[in-house]
Amino acid sequence: MELIEPDELLRYGQVLSAWSCDPADFELHEVDTTDPCSDELYPFKGYVDILRRSTAQRREYPNGDGTTWVAAFERDLAAKRFGQVRPA
């Protein structure tokens, strides 16, 4: 099961563009921690791992039903937790 929704990926790309970041400088991985023994009534959960190659800065964001990892990622860019960036 894919945890990252297409609209989240679109927004992630928009955030990178808005902060003048090269998408090739960032690695995005999703990790599914949903209990495989649970039935489909339970929400999917996991986390998104993002690495900025040029600075080796890595952050993890909770993901799953009702999470807002893209907004948290953008706040971290603004706070320079991935190194120096600037808005476009």
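Start by selecting Asp-76: with a relative accessibility of 5%, Asp-76 counts as buried (buried means under 20% relative accessible area, exposed over 50%, partly exposed in between, using a 1.4 Å probe and protein chains only). Before moving on, a word on what you're looking at: this is a predicted model, where local features need pLDDT of at least 70 and side-chain atom pairs count only at pLDDT 80 or more, while totals for chains, interfaces and linings use all residues. Residues are numbered from 1 along each chain as its sequence is written, and side-chain values use heavy atoms, with hydrogens and water left out.

Asp-76 and Arg-59 form a salt bridge, with 3.1 Å between the closest N and O atoms (a salt bridge is a side-chain nitrogen of Lys or Arg within 4 Å of a carboxyl oxygen of Asp or Glu). Asp-76 sits in helix 2 (residues 69-78) and Arg-59 in strand 3, so the pair ties together parts 17 residues apart in sequence. Arg-59 is partly exposed, at 31% relative accessibility. Bring in Arg-81 as well: Arg-59, Asp-76 and Arg-81 are linked in a network of salt bridges.

Time to zoom out and colour by secondary structure. The protein chain has two helices and three strands, and from the N terminus they run α-β-β-β-α. These are DSSP runs numbered from the N terminus: helices are H or I with at least four residues, strands E with at least two.

How many salt bridges does a search of the whole structure find? Six. For another one, pick Asp-25 and Arg-52, whose closest N and O atoms are 2.8 Å apart. Asp-25 is in the loop between helix 1 and strand 1 (26-32), and Arg-52 is in strand 2 (residues 45-52), 27 residues away. Both Asp-25 and Arg-52 are buried.

Next, select Arg-53 and Glu-27, which meet in a salt bridge at 2.8 Å, N to O. Arg-53 is in the loop between strand 2 and strand 3 (57-64), while Glu-27 is in strand 1. Arg-53 is partly exposed, with a relative accessible area of 47%, and Glu-27 is partly exposed at 23%.

Last stop: Glu-8, in helix 1 (residues 6-18). Glu-8 is buried yet has no salt bridge. Leaving aside neighbours within four places in sequence, Glu-8 is in contact with residues including Trp-69 and Val-70 (contact means heavy atoms within 4.5 Å).

Note on methods. Lys and Arg count as positive and Asp and Glu as negative; His and the chain ends are not counted.
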